[in-house]
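Thank you all for coming; please have a look at the chain on the screen before I start. I will go through some charged pairs, then a sheet, and then the chain as a whole.

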Amino acid sequence: MLWLCGPPGVGKSTVGWRLFERLSDAGVATAYVDIDQLGMCYAPPTAGEYAPDPSRSDPGRYRMKSDNLAEVLATFQSAGARCAVVSGVTDPEHGVAVDRYPHATLTLCRLRGSHDELRHRLAGRGRPGDDVDGTLSYADVLDRAGHGDLTIDTTGLSVDEVIDLVRERAGGWPVLPDGEPEAAPRPDPTPVPAEILWVCGPTAVGKSTAGYQAWDIMRRDGVAAFVDLDQIGFLRPAPAGDPRNHDVKARNLAALWQTYHAIGAQRLVVVVGPLDADADVHAYTAAMPAATITICRLHADPEQLTERVMLRGQGGGPPIAGDALNGQPTPVLKRAAREATAHAEAIDRANVGDLRIDTNGQTPEQTAREILSLSPSKR
C-alpha cells in the first residue's frame with residue numbers, strides 16, 4: 001500500500017488517481033481509495049459546527065476511517081488486488097496506525113508544497129469551503145511532525161513528475177513478488193439492520209449531487225452516513241464474473257455500515273451508484289441481509305442530459321476521483337451524452353428501481369426533497 005498524505009490542495013487525489021490508472025493500464029491489479037470517502041458520517045449540524053464528528057472520542061474521524069480502510073483493503077486483496085494506492089489526510093499528531101494493516105506493506109509518502117504553491121492550487125480549485133489559512137497551518141504542523149517514510153516537495157512539478165519521483169524514491173514502487181498470491185477468503189459481514197436509499201440513474205443525471213443533498217437533509221435529524229458506491233469499488237481489472245465490481249462494492253458497503261452503525265448512525269444510508277437492472281441489487285442484499293433497500297431512479301430528457309454532460313466536462317459537479325468527463329474535449333462529451341441518453345432509455349424500459357423521479361428543470365435540492373418525500377422512510 002502506498003499512502004499519499006499531505007495538506008489539502010497539494011495534489012494527493014490527483015497524483016493517486018493518475019498512479020492508479022498508470023498501474024492498472026500496465027496490467028497490475030490495483031485498487032484506489034480516497035480516505036475521505038470512508039468517513040462521510042457526521043452528527044447533526046449545530047449552531048457552531050456544520051459537520052460535527054459523531055464521536056467525541058474520535059476527533060477528525062481518523063479511527064473511523066482507519067477501521068474502514070482496513071476492511072476495504074482486505075476486500076480488495078481477496079478480490080485479487082496486488083497493490084493499493086490511498087490518498088488522504090492523516091492524523092497530524094499520531095500519523096497512520098500501521099498496526100491496522102497487518103497484511104499490507106505500507107509506504108507513507110507525504111506530499112508538501114510551498115505556501116505560495118498551496119495558495120495558488122487552492123485558488124485554482126475554487127471550492128467555497130477551502131480554508132486557506134487553516135490549510136497552511138496544517139501544512140506547517142505536518143512539516144514539524146515529519147510523518148512519512150518519504151517526503152516529496154511538489155512545488156513547480158507536474159503530476160507525472162511527482163509520480164515518477166514518488167516511485168523512484170520508494171524504490172520503484174510497487175515491487176511485487178513473482179507469482180499470483182493466494183487470496184484469503186473473507187468472512188461474511190455481521191448482518192446489521194439498515195434502511196438504505198439508493199439513488200441511481202444515467203451518467204450526469206445528478207445522482208451524486210441530489211443524493212448528497214438528500215443525505216444532508218437527513219442528517220439534520222440524527223447521525224447519518226453517505227456512501228458513493230463508485231468510490232469504494234475502484235479495482236482494476238475487475239474480478240472475473242463481476243465486471244462492474246458489484247460484489248466488491250457490496251462487501252465494502254456492508255463493512256462501512258458496520259462501522260457507522262456502531263458509532264450511532266441512524267436508520268438511513270444514502271448510496272449513490274450505477275445500476276443497470278434490478279438483478280444487480282442481489283450482491284447487496286446478499287452482503288446486507290438485514291437491510292431494507294429502496295431504489296430511486298433519476299431521469300432526465302436527452303436535452304437535459306446533454307447539457308449536464310457538457311457542464312461536467314467544464315468542471316461542474318462534485319470534485320471526486322474517477323470523473324471520466326471533467327476536462328474532456330467536446331467530441332468525447334457529445335459521445336458520452338448519447339451514451340447517457342441510451343442508458344436512460346434502457347433502464348426506463350427495464351423499469352429499474354422502486355421510484356422514478358423526473359429531474360427536468362429541477363435544482364438538486366428540489367430533487368433531493370422529492371426523493372425523501374416519496375421514499376418509504378420520510379424524514
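Let me begin with a term: a salt bridge here is a side-chain nitrogen of Lys or Arg within 4 Å of a carboxyl oxygen of Asp or Glu. Please also keep in mind that this is a predicted model.

With that term in hand, we can turn to Asp323 and Arg312, whose side chains meet in a salt bridge with a distance of 3.1 Å from N to O. Because Asp323 lies in the loop between helix H9 (302–313) and helix H10 (330–349), while Arg312 lies in helix H9, the pair ties together parts that are 11 residues apart in sequence. Arg312 itself is partly exposed, its relative accessible area being 22%.

Asp36 forms a salt bridge with Lys65, with the closest N and O atoms 3.9 Å apart. Asp36 is in the loop between strand E2 (30–34) and E3, and Lys65 is in helix H2 (residues 62–78), so here the parts tied together are 29 residues apart in sequence. Is Lys65 buried or exposed? Lys65 is buried, with a relative accessible area of 5%, while Asp36 counts as partly exposed at 40%.

Now to the sheet, which is open, has 6 strands in the order E3-E8-E10-E7-E11-E12, and shows mixed pairing. Its edge strands are E3 (41–42) and E12 (355–358), each of which pairs on one side only. Within the sheet, strand E7 (residues 194–200) runs parallel to strand E10 (residues 268–272), and 5 bridges join them; Trp198 stands opposite Val271 in E10. Helix H11 (residues 364–374) lies across E7, strand E11 (291–299) and E12, and runs at about 155 degrees to E12.

Finally, the chain as a whole comes to 11 helices and 12 strands. For 379 residues, a compact globule would have a radius of gyration near 21 Å, and the chain, with 20 Å, agrees with that. Of those 379 residues, 49% count as buried.

Technical notes
Residues are numbered from 1 along each chain as its sequence is written. This is a predicted model: local features need pLDDT of at least 70, side-chain atom pairs count only at pLDDT 80 or more; totals for chains, interfaces and linings use all residues. Side-chain values use heavy atoms; hydrogens and water are left out. Two strands pair if DSSP finds at least two bridges between them. Helices (H or I, at least four residues) and strands (E, at least two) are DSSP runs, numbered from the N terminus. Contact means heavy atoms within 4.5 Å. Axes are lines fitted to C-alpha atoms, for helices over the stretch in contact, and angles run from 0 to 180 degrees between N-to-C directions. The radius of gyration is taken over C-alpha atoms; the globule rule is 2.2 Å times the number of residues to the power 0.38. Buried means under 20% relative accessible area, exposed over 50%, partly exposed in between (1.4 Å probe, protein chains only).
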